[in-house]
Amino acid sequence: MRGVLETAAAVRAGTLSARALVEDTLIALVADTHVAVTRVLHDRARAEADAIDAMVAAGRDPGPLAGVPYGVKDLFDVCGLPTTAGSGLYADAAPAGADAEALARLTAAGAICVATLNMDEFAYGFATINAAYGTTRNPSDPSRLAGGSSGGSAAIVAAGLLAFSLGSDTNGSIRVPASLCGLYGLKPTHGDLPLGGVFPFAESFDDIGPFTRSVEDMALVWQVLAGRRVDGGRADGSGDFRVARLGGRFRENAEPVQLAAIDAIAPDAPLVELPEIARARSAAFLITACEGGALHREALAGQAMAFDPQVRDRLIAGALLPEALYQEAQAFRADYCARIRALVADYDVLLAPATPTFAPAIADPRILIDGALSPARADLGIHTQPITFTGLPSLAVPLYRPGELPIGLQLIGRAGREADLFAFAAKLEADGITGYGMPQGAASGHCMPQDAA
Amino acid sequence: MRGAVIMTAWRIVIRFLRPRETMAQIPVDPPAEPPVAPIRRDVPAGDAEIAAVAAARGLPILPECAPGVAANLALLARHARIMRGEPA
């Protein structure tokens with residue numbers, strides 16, 4: 001099981017044929033049993049692989065992601081294909097005239113797009129339970145959810161079929177499945193990575209980001225997407241991180257293994273309680289509902305029965321919210337963001353759980369929140385949603401637990417300081433605290449934290 | 001007598017020669033304010049209210065959707081209360 005760096009190095013050196021790698025990958029994707037793939041892009045992948053091999057043969061460098069196959073959540077424009085956003089409603093839509101901007105940047109760096117990947121319809125959910133394309137399975141336990149809404153993007157990387165993938169994160173749709181599938185998943189500083197050609201959900205919070213199995217791969221893919229280099233850690237170059245642990249509601253709804261890891265990582269770090277965190281999450285919930293409902297109102301009025309029933313009813317409800325309530329939530333957000341940014345300005349990294357629990361069973365997709373059972377589809381993002389609200393970057397990191405159900409933490413940083421998060425995560429990975437633990441039955445090989453670091 | 005007749009005739013002429021703008025400045029009762037609907041801040045609840053709001057927005061709710069929409073609106077109402085710091 002090769003990672004991004006290893007694959008690109010081999011292709012650039014001419015020791016690995018991009019075409020051969022793509023052929024193996026296409027076979028594996030067609031045979032995938034996790035309901036992670038919605039379309040396999042055979043012709044495009046082969047053409048791009050041949051072009052990469054030709055460049056290498058001609059002595060030219062295809063780029064830092066040379067020949068690396070990857071997939072995208074089914075809401076990125078892929079030239080020549082309809083962008084479905086996970087909905088049967090758009091299965092026969094007009095094909096996209098160009099790739100999304102993120103794909104264009106990855107292609108320019110030599111990466112090869114081989115598949116579109118499953119998601120909750122219109123990204124409205126944390127479960128990847130999709131009426132049109134099926135429920136994505138967790139590679140660590142196929143009877144459990146992969147999380148969502150970027151569940152296909154997470155499952156396919158966790159299963160070892162691709163070295164990286166792209167997802168989108170509006171309220172936790174990258175970090176939740178990253179936690180449940182045992183991967184690194186980045187929600188960048190709001191608006192930092194290109195959203196051109198991405199089907200929107202709630203524009204106040206929409207972001208895109210990668211899934212990978214190592215920090216090193218994450219940093220490389222982020223560099224390509226962001227168009228700038230990781231600068232190696234803290235702005236002052238000291239290598240010492242000012243760390244705080246998030247308390248209150250974050251610790252009240254968490255697994256003991258998450259709290260033990262947080263306390264082991266930073267035993268002396270102050271416990272910071274973000275004020276009014278429940279109010280923030282509820283405001284995010286309302287803004288998302290309003291913006292999502294408004295986006296789809298016209299289609300709901302004419303083709304309601306073509307929607308996934310559970311998504312449809314959520315969207316209709318959002319479309320009926322009063323404008324004044326939306327403005328009230330946005331006003332709260334503006335005030336809240338200013339307060340939180342001031343509060344956390346003295347820290348480089350905040351530690352928090354990424355999800356409140358492990359992957360729920362598909363047969364009973366409910367989780368305990370504040371002692372009561374709640375639908376996983378709506379509430380798995382209880383810890384990611386309030387962070388999204390602030391616009392700060394957040395990197396989900398997997399606790400290293402080979403052979404056990406995956407679960408992750410969030411490393412939350414200052415705006416524009418993703419490099420701090422990568423440097424801090426690399427230390428955790430090197431110490432064996434975080435890392436990808438290959439699920440049984442995954443593609444092949446084993447990526448130990450020390451190998452990946 | 002002749003002077004009084006001349007003055008009266010002059011006032012009549014002046015009245016008809018008065019510019020229209022000046023006429024418009026004559027105080028009149030202001031028109032009644034149109035009734036202003038109170039700004040709605042609450043999440044619609046109950047079948048009738050939900051149906052009325054939906055109809056006003058051109059979004060008919062099919063019978064198959066009604067229970068799910070009502071349940072989701074109840075959840076959103078709960079979030080609105082939490083956001084305002086009220087008991088959930």
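Which residues of H2(A) are buried? The views below take up this question and others.

This is a predicted model, in which local features need pLDDT of at least 70, side-chain atom pairs count only at pLDDT 80 or more, and totals for chains, interfaces and linings use all residues. Residues are numbered from 1 along each chain as its sequence is written, while chains are lettered from A and ligands numbered from 1 in the order in which they are written.

**View 1. Helix H2 of chain A and its cover.**
Helix H2 of chain A runs over residues 18-30. Helices (H or I, at least four residues) and strands (E, at least two) are DSSP runs, numbered from the N terminus. H2(A) has 13 residues and reaches 18 Å from its first C-alpha to its last. That is close to the 18 Å expected at 1.5 Å a residue, where the expected span is 1.5 Å times one less than the number of residues. Its buried residues are A:Ala18, A:Arg19, A:Leu21, A:Val22, A:Thr25, A:Ala28 and A:Leu29. Buried means 20 or more other C-beta atoms within 10 Å of the residue's own; exposed means 12 or fewer, and partly exposed is in between, with C-beta atoms placed from the backbone. The cover over the buried residues of H2(A) includes helix H1 (4-13), strand S1 (37-40), helix H3 (42-57), S2 and strand S3 (112-117) of chain A.

**View 2. Helices H7 and H15 of chain A.**
The axes of H7(A) (residues 215-226) and H15(A) (residues 418-430) come within 9 Å and cross at roughly 165 degrees. Axes are lines fitted to C-alpha atoms, for helices over the stretch in contact, and angles run from 0 to 180 degrees between N-to-C directions. H7(A) is therefore roughly antiparallel to H15(A). Angles under 35 degrees count as roughly parallel, over 145 as roughly antiparallel, 65 to 115 as roughly perpendicular and the rest as oblique. From H7(A), the contact is made by A:Val215, A:Met218, A:Ala219 and A:Trp222. H15(A) brings A:Glu418, A:Phe422, A:Ala425, A:Ala426 and A:Glu429. Residues are in contact if their C-beta atoms, placed from the backbone, lie within 7 Å. By class, the contact of H7(A) with H15(A) has seven nonpolar, no polar and two charged residues. Ala, Val, Leu, Ile, Met, Phe, Trp, Tyr, Cys and Pro count as nonpolar, Asp, Glu, Lys and Arg as charged, and the others, Gly among them, as polar.

**View 3. Chain B against chain A.**
Chain B has four helices and zero strands. Of its 88 residues, 18% count as buried. The contact takes 25 residues from chain B and 26 residues from chain A. On the side of chain B that touches chain A, H3 (47-56) and H4 (66-83) are the elements that give two or more residues. H4(B) gives the most, with nine residues. This side of chain B has 17 nonpolar, five polar and three charged residues.

**View 4. Helix H10 of chain A meets H4 of chain B.**
The axes of H10(A) (residues 277-303) and H4(B) come within 8 Å and cross at roughly 135 degrees. H10(A) is therefore oblique to H4(B). The crossing is left-handed. A:Ala278, A:Arg279, A:Ser282, A:Ala283, A:Phe285, A:Leu286 and A:Ala289 in H10(A) meet B:Leu76, B:His79, B:Ala80, B:Ile82 and B:Met83 in H4(B). By class, this contact has nine nonpolar, two polar and one charged residues.

**View 5. Backbone exceptions in chain A.**
Most residues other than glycine have a negative phi, and most peptide bonds are trans. A:Ala85 has a phi near 55 degrees, a positive value in a residue other than glycine. A:Ala85 is found in the loop between strand S2 (69-73) and helix H4 (101-108) of chain A. With 25 C-beta neighbours inside 10 Å, A:Ala85 counts as buried. A:Asp370 also has a positive phi, of about 50 degrees, although it is not a glycine. This residue lies in the loop between strand S14 (366-369) and strand S15 (372-375) of chain A. A:Asp370 is exposed, with 12 other C-beta atoms within 10 Å. The peptide bond from A:Gly148 to A:Ser149 is cis, with omega near 10 degrees.

Conventions: Contact = placed C-beta atoms within 7 Å. Left-handed = near helix turned anticlockwise from the far one by under 90°.
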